[in-house]
Amino acid sequence: MTPTQLEHTASLLENMLTFKQPADAVLSAYFREHKKLGRQDRHEIAETAFAALRHYQKISAALRRPHAQARKAALAALVLGRSVNIGSLKDLINEEETEFLSQLKARKAEFSDGLNTAAELPEWLIRQLHNHYSETEILQFGRSINQPAPLDVRVNTLNGKRDKILAELQTEGLQAEATPYSPWGIRFKDKIALNKHPRFLDGTLEVQDEGSQLLALLLGAKRGEIVVDFCAGAGGKTLAVGAMMANKGRIYAFDIAEKRLANLKPRMTRAGLTNIHPERISSETDPRIARLNGKADRVLVDAPCSGLGTLRRNPDLKYRQSPETLASLQAQQVSILSEAAKLVAPKGRLVYATCSILPEENELQVRRFLDTHPEWHAVDCAELLSNAKINLDTGVYLRLDSAQHQTDGFFAAVFERN
């Protein structure tokens with residue numbers, strides 16, 4: 001790391017470590033303000049900043065108010081998160097900083113004394129997880145989400161077959177392999193500039209975590225059906241469902257955020273999909289939704305959630321969520337699931353999913369829904385996946401975690417009417 005890169009990293013962390021905004025938004029804004037930074041500069045700055053987020057518990061144990069001592073936080077991130085040798089930093093640091101880093105390394109043994117520092121999880125989340133998991137399981141979870149995520153993509157089956165595209169990528173010298181569960185997925189071991197790759201530009205490849213791809217498979221949409229993606233966001237799952245339907249039928253992509261839906265439109269065009277109809281709604285009770293009551297063959301509810309299954313990609317989320325935000329999200333999930341169920345046709349299917357690992361947002365929500373909606377029953381996810389020739393059995397519900405499945409943390413339940 002050069003002195004200039006260190007200076008920029010410290011400047012970035014002053015804002016990022018307040019956790020007032022999403023880390024990726026802070027990073028994007030910073031790079032827009034500093035357009036002269038080269039590709040290597042951006043890489044070093046971003047990697048070190050995210051290392052600081054991943055190791056924030058250890059850094060804050062050694063530094064009071066890390067955002068106010070952002071240069072030291074950046075140096076700590078280099079040593080703790082990027083395994084940089086203190087000796088190699090001698091031209092960057094003064095005597096006092098050398099002493100600080102030496103003490104930081106010496107403290108490593110002490111960090112295991114507290115579960116929050118060992119697992120790199122804040123106290124509120126440790127307490128929440130203790131309701132359901134042992135300390136060993138919490139530590140395993142913390143360590144699994146503290147590793148950077150690989151890059152998963154989905155092959156658009158309208159444009160090509162996975163095996164052919166994978167062979168093509170490997171011929172180019174890219175470290176790519178087939179994902180173990182999704183029949184459409186390819187995993188890159190290293191980060192690549194995918195947005196400039198010809199197969200991305202022609203709509204053949206779309207960035208999507210393997211776990212997210214499996215949700216589309218559980219929905220099981222067929223050609224000619226009416227499908228509702230109730231919380232479409234930027235539309236990763238919508239695009240996968242559209243390809244499953246071979247561009248035939250009709251998909252309503254609802255979301256409350258105009259900006260997210262605006263991001264979906266160019267992705268639809270690139271993928272060659274014309275059966276998707278994005279529509280902004282004011283809330284889950286928007287009267288315009290009622291026109292679809294009892295008419296949808298499939299409804300996907302990828303519910304707003306804590307996002308704690310995506311901590312490999314968004315390590316700042318654990319500091320921007322709280323018991324209060326969690327309670328608010330749970331109330332929203334109950335309402336959205338109840339409203340979405342009204343749209344499903346008599347023999348239709350409803351899928352509830354989150355990218356959370358908390359039972360409060362997952363199994364407990366399913367139990368609440370079935371208790372209050374006796375006309376529905378849960379369908380075995382393992383059986384549905386087996387019918388799709390996918391060897392993945394996590395029980396009646398789909399439960400994915402980073403440690404075991406190398407995907408983001410996902411949960412899904414499938415319902416059908418009695």
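Predicted model: local features only at pLDDT ≥ 70, side-chain atom pairs only at ≥ 80, totals over all residues.
Residues are numbered from 1 along each chain as its sequence is written, and side-chain values use heavy atoms, with hydrogens and water left out.

Helices (H or I, at least four residues) and strands (E, at least two) are DSSP runs, numbered from the N terminus. Four such elements each supply at least two residues of this lining: α10 (135-144), β11, α20 (402-405) and β12 (410-417). The largest share is five residues, and it comes from α10.

Strand β11 (residues 398-400) also holds Leu-398. Buried means under 20% relative accessible area, exposed means over 50%, and partly exposed lies in between (1.4 Å probe, protein chains only). Leu-398 has a relative accessible area of 0%, so it counts as buried. Contact means heavy atoms within 4.5 Å. Leaving aside neighbours within four places in sequence, Leu-398 is in contact with several residues, including Leu-214, Leu-218, Cys-381, Phe-410 and Ala-412. Take Ala-412. Leu-398 and Ala-412 are 14 residues apart in sequence, yet their C-alpha atoms are 4.9 Å apart in space.

Now step back to the whole chain. The domain assignment gives domain 1 (3-113), domain 2 (151-207) and domain 3 (210-417). These bounds come from an automatic or database domain assignment. The C-alpha centres of domain 1 and domain 2 lie 33 Å apart.

Next comes a sheet. Two strands pair if DSSP finds at least two bridges between them. Four strands form an open sheet in the order β2-β3-β1-β4, and the pairing is antiparallel. β2 (176-178) and β4 (205-207) stand at the edges with a single partner strand each, so one side of each has no neighbour in the sheet. From one strand to the next, the twist averages 35 degrees. That angle is taken between axes, which are lines fitted to C-alpha atoms (for helices over the stretch in contact), and angles run from 0 to 180 degrees between N-to-C directions.

Follow β1 through this sheet. Strand β1 (residues 151-155) pairs with strand β3 (residues 185-188) over four antiparallel bridges. In β3, Ile-186 is the bridge partner of Val-153, and Gly-185 is the partner of Arg-154. Three bridges join β1 to β4, again antiparallel. There, Val-153 stands opposite Val-207.

In a regular strand the side chains alternate between the two faces of the sheet. How many of the five residues of β1 are buried? Five of its five are. Leu-151, Val-153 and Val-155 are buried on one side, and Asp-152 and Arg-154 on the other.

Thr-48 lies in helix α3 (residues 39-54). Its relative accessible area is 0%, so Thr-48 is buried. Not counting residues up to four places away in sequence, Thr-48 touches Met-1, Thr-9, Ala-74, Ala-77, Leu-78 and Arg-82. Glu-97 is found in helix α6 (residues 95-106). Is Glu-97 buried or exposed? At 6% relative accessibility, Glu-97 counts as buried. With residues up to four places away left out, Glu-97 touches Arg-71, Leu-75 and Leu-92.

Two loop residues have a positive phi. Arg-65 sits in the loop between α4 (56-62) and α5 (70-81). Its phi is near 50 degrees, a positive value in a residue other than glycine. Arg-65 is partly exposed, with a relative accessible area of 46%. Ser-83 lies in the loop between α5 and α6. Ser-83 is not a glycine either, and its phi is about 55 degrees. With a relative accessible area of 66%, Ser-83 is exposed.
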